[in-house]
Every structure is written in C-alpha cells, then in structure tokens.
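Please look over this model before reading on. My notes are meant for someone meeting it for the first time.

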Amino acid sequence: MVKLETIISLAKRRGFVFQSSEIYGGLNGFWDYGPLGVELLNNIKQSWWKAMTYRDDIVGVDASIIMHPKTWVASGHIAQFSDPMIDNKTSKARYRADNLIEEFIRKLNNKHKFDLAKEIEEKLNKCQENNDYFKIIIDYQIPDPVSGSTDWTEVRNFNLMFKTFVGPVEDESGTVFLRPESAQGIFVNFKNVMDASRMKPPFGIAQIGKAFRNEINTKNFLFRTREFEQMEMQYFVKPGSEKDWFEYWKEQRWNWYIEMGMQPEKLRWKPHEKLAHYANNAIDIEFEFPFGFGEIEGIHSRTNFDLTNHQSHSGKKMEYVDTVNQERYVPYVIETSGGVSRAFMAFLCNAYDEEKIIDEGKEDTRVVLRFDAKLAPITLAVFPLVNKDGMPEYAHQIYKDMQKYFRVQYDTAGAIGRRYRRQDEIGTPFCLTVDGQTLIDHTVTIRERDSMLQDRINVSKIRDYIDRRI
Ligand code: ATP
C-alpha cells in the first residue's frame with residue numbers, strides 16, 4: 001500500500017495539488033489544483049456528467065452557492081448540521097468526538113485488540129447524543145493523540161456551515177450561508193426543472209458544484225477539506241418505488257467507479273447503521289485509502305423529507321400531478337452524492353504503482369500512475385527521438401495536429417527513457433516517438449504505458465488508434 005506522504009509529494013512535485021496560499025504558510029483544509037490536477041479533476045467531472053446526464057431521464061442544473069437562508073431552516077441544516085466537538089484541556093486540541101473514538105478503535109485493531117475494538121464500535125454506532133460520545137471517551141479513557149492527556153471538556157455541538165453577510169450591514173437580517181451540500185439547489189429547483197423540461201417521475205436532476213463545511217478537523221490530504229466539490233444527483237420517484245430505485249442506483253454508481261478503472265478489491269459497501277434525520281436507507285461506497293477505508297460516495301434514500309419541508313416553508317407546492325392517472329404526490333428521492341475531491345484522491349491512490357524494471361542493464365523502479373485513459377490528465381506525449389535531422393519539426397507538427405483532439409505534451413528534453421518515465425509518473429497512457437524511419441515512411445511508434453509495448457503505425461492513423469483505446 002502506497003504511503004499518503006508519497007502521494008502528497010508526487011501530487012505537489014508534478015503539479016496535481018498544492019497547498020492553498022502556500023506562500024503565506026497555507027490555510028488548513030484548503031487545496032489548489034495545479035495544471036495536471038485540474039485536468040484530472042475535469043476528466044472525473046466530465047465522465048460523471050456523461051454517465052449521469054447523457055440519458056433520457058436526467059437533466060442538469062448549476063445552482064448558486066449562496067441561497068435564501070430559509071433553505072437551511074427547511075432542510076434541517078440550521079438545527080441539525082453539526083458535529084459533536086470536544087476539546088482536550090491539556091493540549092487545547094479540538095476533535096470531532098466520533099472521529100476521536102474511531103481513531104482509537106483503529107489503533108486497537110492495529111494492536112489486535114479486536115474484542116475491545118468491537119465493543120467500543122458497537123457503542124459508537126448507538127450514540128444518539130453528545131453525552132453518549134462523552135461517556136465512551138471517559139469510560140475507555142481515550143487519550144488525546146497529541147498529548148496523551150485524558151482531561152476532556154464536555155462534548156458540544158458545532159454547526160459546520162460557514163456564515164457570511166449579504167449587503168453592507170453585518171447583522172442577522174443579512175446572514176447567509178455557503179452551501180454545505182449542493183443537493184438543496186436541486187430541491188428548490190424541482191418544480192422549475194420539471195415544468196421547464198417536461199420531465200416526470202422517475203427522473204433526476206444532476207449537479208456538480210462547490211460545497212463548504214467548517215470541518216472541526218481537516219486531515220488526510222483531500223479527504224476532509226473545508227471547501228470541496230460534490231457531484232450529486234437527486235432522482236425523483238413515485239412513493240413506493242424507492243426501494244427498487246435505491247438498488248438500481250447502487251449498482252450504477254459502483255459500476256461507474258469500476259469503469260473508471262477502480263480496482264474492485266479496493267472498494268467496499270458500508271451500510272449506514274445510523275441514518276440521517278432525512279433518510280430511510282443509506283449506504284456508502286468506500287475506498288481503501290492509505291489510512292484505511294473511507295467514504296467516497298453515499299447513496300441515500302431521502303424519502304420526501306426535503307420536498308415536503310420546502311413545500312411547508314415556502315408555501316409552494318412541490319407535487320407532481322399525473323393528469324393521466326389522476327393522482328398527485330410529492331416524489332420520494334434517491335440521492336447519489338459523491339465528492340469530486342475524494343474521488344480525485346481515490347483515483348490517484350488507485351493508480352499509483354511502483355514497478356521494478358531493468359533500465360540500461362541496471363535494476364530500477366518505475367513509478368506509474370495507471371489511470372484509465374479517460375481520466376489521465378495528458379492523453380498523449382510526442383517526442384522526437386533526437387533533436388536533429390528534421391525530427392523535431394515533424395514531431396512538433398504531429399503535436400499541433402493532435403492538440404485539436406487530445407491533451408498532448410511535447411517533450412524534447414533528455415534521453416527517450418527519461419521522457420517515458422516522466423510521462424509514466426503522471427499517468428500518460430500513450431507516448432509517440434518520431435524517429436529516422438518516420439521521415440522515410442511516415443510511421444511512428446506508439447508506446448503503451450502499462451505494457452510498455454510499442455506499435456508502429458502510420459501518422460494518418462494516430463487519432464483513430466487513440467480514440468479506439470479510450
Ligand atoms: P463524512 O461522514 O465523511 O463527514 P458525510 O457522510 O457527511 O461525510 P455527505 O454529506 O454524504 O458526507 O457528502 C457526500 C460526499 O461529499 C461524501 O461522500 C464525500 O465524498 C464528500 N464530502 C463530504 N464532506 C467532505 C469534506 N469535508 N471534504 C471532501 N469531501 C467531502
């Protein structure tokens with residue numbers, strides 16, 4: 001298993017991810033995507049968008065981040081969107097109480113104290129109130145991972161929504177929130193979309209967009225950040241049919257990760273033992289990160305909780321009226337809710353590989369990101385074998401031609417083996433070399449990243465060759 005530090009350092013060195021405002025010492029929980037990162041991020045989003053909306057029954061929206069404050073009263077976020085927070089009196093470190101307990105359980109498991117770990121886990125799953133978490137922490141003398149101290153404050157609620165103000169006066173009347181999930185932008189537009197695009201249940205609305213949560217602890221690189229992107233889809237169905245659609249969407253979403261190159265053994269299902277206030281069924285897809293399994297996407301059966309609440313808070317009907325069958329109902333909702341940045345990190349970890357090879361007679365290690373060709377930031381790299389005899393000009397022309405169709409890099413620096421390695425390390429699936437023979441018969445070699453095998457093809461066939469493999 002690759003170490004998280006290795007991924008973070010590769011991500012920085014090769015321009016996938018930088019710490020936000022790094023020159024000022026960075027800001028905890030915020031990250032910037034560099035030139036290769038933004039390509040990977042866009043490819044993930046585009047593949048998701050294609051899978052979710054290039055079909056008859058789903059349309060997209062792009063709602064605003066700041067919404068009417070009543071939205072968050074109706075959705076339950078004002079009252080309920082909080083995490084249990086605890087402070088250690090000695091170190092002054094602050095934790096999410098449930099995460100603190102989970103971390104302790106993980107450590108017990110690592111020490112093979114399975115019975116104790118299981119006992120605490122069962123109690124954790126039953127926690128309802130702050131005091132339940134507190135009791136576990138005190139009963140099991142869970143220490144602060146920083147100082148080892150067991151001197152804790154009470155557990156309190158901490159609302160995760162970022163507050164800001166609309167207009168010049170910073171008072172209650174202008175208070176708004178940065179959305180903590182993109183879903184509500186879909187719910188409040190349910191009627192608009194249904195009427196404007198003449199959709200009827202079962203149908204879905206998809207959206208990709210930023211969400212913000214003032215997480216108590218940010219950690220594990222992109223896993224838990226304070227600003228992130230979500231790719232969410234709400235599927236509106238007739239009450240009573242939600243169980244079938246829940247199963248349908250489970251399968252669809254799992255398969256998407258596999259199609260995008262995720263190794264099935266790195267994924268697992270995690271049913272929710274504790275359901276959120278709005279849900280009657282929920283399951284997560286988890287990925288095995290270097291620090292253990294963690295959620296990358298949730299599939300939630302949200303009942304008609306959101307639509308009925310928006311209906312009662314806004315006074316606007318959120319019904320579907322079926323004139324043919326003479327019935328009206330507030331649809332039930334199956335939601336698929338994934339994090340773009342968590343998927344990004346999962347795809348990065350999933351792709352990372354180190355392979356022993358013999359290079360110029362010496363044993364060496366090749367670092368390869370085995371991205372699916374659809375996700376790779378750069379699809380094709382073009383090299384002249386040597387920087388003379390008309391090869392650079394020929395290669396540069398191919399580079400320019402292929403740029404119309406793919407993200408291409410042109411590289412003339414160093415030995416050809418070095419250039420292959422640079423591309424392997426960023427996951428480029430195809431490297432094309434112009435050599436002496438190219439000038440004679442207009443053929444080039446294309447080397448495939450994983451097998452390192454080479455094909456010789458005519459220049460007129462390059463686009464077709466790559467298209468077929470993507
Ligand atoms: P967690 O329990 O890890 O806090 P959650 O259950 O609150 O997550 P959801 O509200 O279901 O998460 O959000 C849907 C998806 O959004 C998650 O599967 C995850 O991919 C992503 N996500 C949620 N919070 C964060 C965050 N702080 N940083 C990055 N991605 C996030």
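Predicted model: local features only at pLDDT ≥ 70, side-chain atom pairs only at ≥ 80, totals over all residues.

1. Main core. Start with the largest nonpolar core, which has 56 residues. F16 and I44 make the most contacts inside it. Helix α12, residues 340-351, gives the most to this core: 9 residues.

2. Second core. A separate core of 21 residues also exists. Among its members are I86, I105, I120 and W152. In soluble globular proteins, nonpolar side chains tend to be buried together.

3. Aromatic pairs. Searching the whole structure gives 26 aromatic pairs. Take F190 and F236: their ring centres are 4.7 Å apart. Their planes meet at 40°, so this pair is tilted.

4. Are F190 and F236 buried or exposed? F190 has 0% relative accessibility, so F190 counts as buried. F236 also has 0% and counts as buried. The cut-off for buried is under 20%. Both residues belong to one aromatic cluster, together with F187 and F203.

5. A pair within one helix. Now compare W245 and Y248. Their ring centres lie 5.2 Å apart, and their planes are at 80°, so the pair is edge-to-face. Both sit in helix α10, residues 242-259. They are 3 residues apart, which means a separation of about one helical turn. An α-helix has 3.6 residues a turn, so residues three or four places apart point the same way. W245 is partly exposed, at 21% relative accessibility. Y248 is partly exposed as well, at 27%.

6. Charges over rings. Which ring does the charged end of R268 sit over? The ring is that of F293, and the charged end is 4.0 Å from its centre. The charged end of R342 sits over the ring of F223, 3.8 Å from the ring centre.

7. Helix α11. This helix covers residues 305-314. Its buried residues are F305, D306, L307, N309, H310 and Q311. What covers them includes helices α3 (70-74), α8 (183-187) and α9 (190-197). Strands β10 (227-237) and β13 (292-303) are also part of that cover. Just after α11, G315 takes a positive phi of about 75°.

Terms used
Residues numbered from 1 in each chain as written. Heavy atoms only, no water. Buried < 20%, exposed > 50% of the residue type's maximum accessible area, 1.4 Å probe, protein only. Helix = DSSP H or I, 4+ residues; strand = E, 2+ residues; numbered from the N terminus. Contact = heavy atoms within 4.5 Å. Phe/Tyr/Trp six-rings, centres within 6.5 Å; stacked < 30°, edge-to-face > 60°. Lys NZ or Arg CZ within 6 Å of the ring centre and 35° of its normal. Core = buried A, V, L, I, M, F, W, Y, C linked by side-chain atoms within 4.5 Å.
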